[in-house]
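Please look at the sequence and the model shown here before reading on.

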Amino acid sequence: MHLSLTTSIAFSLTLASFITCLPRTSPAMAKRASPTPMVFAHYMLIMQPKNGDYTADINLAKEAGIDAFAVNYGGWNVDWTQHEAQLEKFYKTAEQLGFHLFLSIDTTSVKDTDMIINLSNKYAGSSAQLKVAGSILLSSFQTDPPAWNWKTDVVDKINSPVLLLPGTLSDDATALFSDNNIPGAGPFTWIHPSATPEKEHSTDLALASQRDRTGKLWMAGIAPWFFTHLNPDKNWAHAQDDQIFVDRWASLLTLKPNFIEIITWNDWSESSYISPPADASSPGTTDAYWGSADHTAFRAMSKVFIKAFKAGQDDVVAVDAADEGVYMFYRRQPASAVGTSDPLPLPSDAGYLKDAIFVVTLLSAPAEVTLVSGDAASVAWTAPAGLQKKSYPWSLGTQVLRAKRGDQVVADKVGAAVVARLDKYDGNVVAF
Ligand SMILES: *[C@@H]1O[C@H](CO)[C@@H](O)[C@H](O)[C@H]1NC(C)=O
């Protein structure tokens, strides 16, 4: 195993080489009244917050500029009575805190359209129900199209106007925006499993272009990370590795989906969370030891990207002083090191992962940044105002990141050690 113990030559990932510019929206389209851009976060109701209290999550989401939680309703072996009670408590808490929710039906487990219709009717009048121009928002998580027709079997039977944004894993932009396939307002596109950054980007370009051509809406999903290692059938990393989040946020700022949904808020079992890490008592996390990694940076960065997105910026041109930050994220072990006492093989797509430390600066003004990776010599550079992402091959040991502007300390962070091998494989990252 080659561990790059001595290499500390910097290479900078150039966002511009990956992100190409799309033609601007045509004048005809620009005249069309369109909803205000909003950002949501996908909330796994089956992964309960500590003591079943949604207050902390709602406050953190508000602080990040998130407009609503898309509540993932359903899941394997769900106790529906308990699930319904949890949803009720979520809506009540959101009402009290002046926050918004909408249903994202998990069609891999919800099989009864009456359940969707009843819940939609029940919460349509709640002050916490997210509405767009008077219509309740309704979305879904789907791996395959459900057995029903969303319009005739569901939307037409709900007692209030509905803005439907059904989820999909398809990357066929033309089909997704055709009338027959999406009877509602437009697709909510999840991250595509195994899609490389280049493939995901070309799909995004096609989706944006079909959105412009049809005048429908597009809700894009964006994930901070994806990794799971539960059993032989659910053991994967993601081919987009470090480019899955920051690079794609930069790209989506230029493509301007109508809405963005962060996937997810709290799916610790798939490493796709921007919430605090799993609490030991959280359901569904017993085997997901990787869900305890700090993802604070992903939520902090989201705040800046969300502001830029809502302001219609093509780029993170300016970062408010109160929001600036210097972050790093990395796996705590080499991508190809199988655990010493791990019954599972390497996750799929592990071959795409880089043994590197990724540094993201979101600054209001330039700052001097220093990185010390393990026992390697330190590297230092001047980071510009705005967004920069850099990558350095790491050395085993503690990771230290500092940033200064004159006498002002902008960041002073010491992160968990990178080790040659763990007991059990960990493809999640620490991000702080
Ligand atoms: C939906 O509501 C109707 C009318 O109250 C009721 O008869 C039915 O059992 C409900 N179905 C579900 C799945 O909640």
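## A strand pair and its hairpin

Asn231 stands opposite Lys234 in strand β12. Strand β11 (residues 228-231) and strand β12 (residues 234-236) run antiparallel and are joined by three bridges. The link between β11 and β12 is a hairpin of two residues. Strands count as paired if DSSP finds at least two bridges between them. Helices (H or I, at least four residues) and strands (E, at least two) are DSSP runs, numbered from the N terminus.

## Basis of the description

The model is predicted: local features need pLDDT of at least 70 and side-chain atom pairs count only at pLDDT 80 or more, while totals for chains, interfaces and linings use all residues. Residues are numbered from 1 along each chain as its sequence is written, and side-chain values use heavy atoms, with hydrogens and water left out.

Pro343 lies in the loop between β16 (325-331) and β17 (356-363). Its relative accessibility is 73%, so Pro343 counts as exposed (buried is under 20% relative accessible area, exposed over 50%, partly exposed in between, with a 1.4 Å probe and protein chains only). Pro343 and Asn231 are 112 residues apart in sequence, and their C-alpha atoms are 8.9 Å apart in space.

## An open sheet of four strands

Four strands in the order β19-β18-β21-β22 form an open sheet with antiparallel pairing. Its edge strands, β19 (379-383) and β22 (408-418), each pair on one side only. On average, neighbouring strands of this sheet are turned by 15° against each other, direction ignored.

Within the sheet, six bridges pair strand β18 (residues 367-373) with strand β21 (residues 397-405) in the antiparallel sense. Glu368 has Lys404 in β21 as its bridge partner.

## Two helices in contact

Helix α3 (residues 55-64) and helix α4 (residues 80-97) have axes that come within 10 Å and cross at roughly 50°. Axes are lines fitted to C-alpha atoms, for helices over the stretch in contact, and angles run from 0 to 180 degrees between N-to-C directions. The two helices, α3 and α4, are therefore oblique to each other (under 35 degrees is roughly parallel, over 145 roughly antiparallel, 65 to 115 roughly perpendicular, and the rest oblique).

Thr55, Ile58, Asn59 and Lys62 in α3 meet Phe90, Thr93, Ala94 and Leu97 in α4, where contact means heavy atoms within 4.5 Å. The residues of this contact divide into four nonpolar, three polar and one charged (nonpolar: Ala, Val, Leu, Ile, Met, Phe, Trp, Tyr, Cys and Pro; charged: Asp, Glu, Lys and Arg; polar: the others, Gly among them).
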